[in-house]
Amino acid sequence: MKLLFHKITHWEYWPFQIVYIPIYFLWVFYSLKAKSIFFFNATNPTIKNGGFMMESKKAIYNLIPQRYYPKTELIIEGTSLEEILKIMEFSGINYPLIAKPDIGLRGSGVKKIDTIADLKRYAEKANFDYIVQDLIPFENEVGIFYVRYPHEKTGKITGIVSKEFLIITGDGIATIEQLIKKNPRYELQLKVLQQDYGKKLFKILSKGEKLNLVPYGNHARGAKFIDGSHWTTPKLTETINEMCLQIPGFYFGRLDVMYTTFEDLEQGKNCAIVELNGAASEPTHIYDPKHSLLFAWKELARHITYMYEISVENHKAGNPYLSHKEGMKEYRLHLEQSKRIVNF
């Protein structure tokens, strides 16, 4: 009951289908103006479906200059462990690493892989194509929303979200599980953490010892999102714009970036892109607990307007919208893929 009350009184935990109700009406409005429900397809022409659904993470990484992201390899469903190890050895990917679905869904199916045994379990269970990727060594993570109209050479940062990981600190008395239960945000992840950690949750951490339970900043996996939009500076905008100009056909989306210090991030040093998200990107700074639902609606409306305007401009330049038939086919594939990953 305590957790249920916490979820009800904090809209950030509400199902997105409810949060987005007013946005659906705006989507209908723009669909009528564009004469296509699937106008988003033209948002980022080089990314499948503009990055709204069924886009391959590996295909997106291939658009990004290699120096900006960690070593990454695509693993086709059913590939033997022996072959995976060969691919990793050839690419120089070492443990610990991250495994995640090539076509993802809000962080589902993302796992930290510490050993060959972990990799074997993931490979045997995965009923989808996935990628293996070097674990980025930098401690901090932000999501930077970037928007650029096709006729412009300079884009802008429209929001920054900072991410607090699920980190617990030992007291020399409580078990990891007991420490998790002290924080509602953490306790909401307990079932998943029990699957990931098993009996390790009964371990007692020494006083002051820290443990990062989920080493990636995903809201669905318990990360706390903090609005850092006020961190936007001319230098950071210049750095992100220079980076994004090197990604062909990218105009709208969020870059999730890990980094050491903000000063390094501004300079484009000691940082790496975790993921680049396209038309389906959320301005995730809305999930800061301090923000009201009204604030979230305003930000969502602002960003869908950017997406519509960019799509129309790209469409006029010769980039087609998806036909209704093809769009519905892609949507059905999206639903099938989602079921696979959610049940992983």
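Predicted model: local features only at pLDDT ≥ 70, side-chain atom pairs only at ≥ 80, totals over all residues.

The strands of the open sheet, four in number, follow the order E1-E4-E2-E3 and pair in antiparallel fashion. Pairing here requires that DSSP find at least two bridges between two strands; strands (E, at least two residues) and helices (H or I, at least four) are DSSP runs numbered from the N terminus. At the edges lie strand E1 (72-75) and strand E3 (111-113), each of which pairs on one side only. From one strand to the next, the twist averages 25°, with axes fitted as lines to C-alpha atoms, for helices over the stretch in contact, and angles taken between N-to-C directions from 0 to 180 degrees.

Residues are numbered from 1 along each chain as its sequence is written, and side-chain values use heavy atoms, with hydrogens and water left out.

Strand E2 (residues 97-101) runs antiparallel to E3 and is joined to it by three bridges. Ala-99 is found opposite Lys-111 of E3. Across E2, E3 and strand E4 (130-134) lies helix H6 (residues 116-125), at about 140° to E3; contact means heavy atoms within 4.5 Å.

How many disulfides does a search of the whole structure find? The search finds zero, a disulfide being a pair of cysteine sulfur atoms within 2.5 Å. For Cys-244, the nearest cysteine sulfur is that of Cys-271, 12 Å away. Cys-244 counts as buried because its relative accessibility is 0%, the class being under 20% relative accessible area, with exposed over 50% and partly exposed in between (1.4 Å probe, protein chains only). Cys-271 is likewise buried, at 14%.
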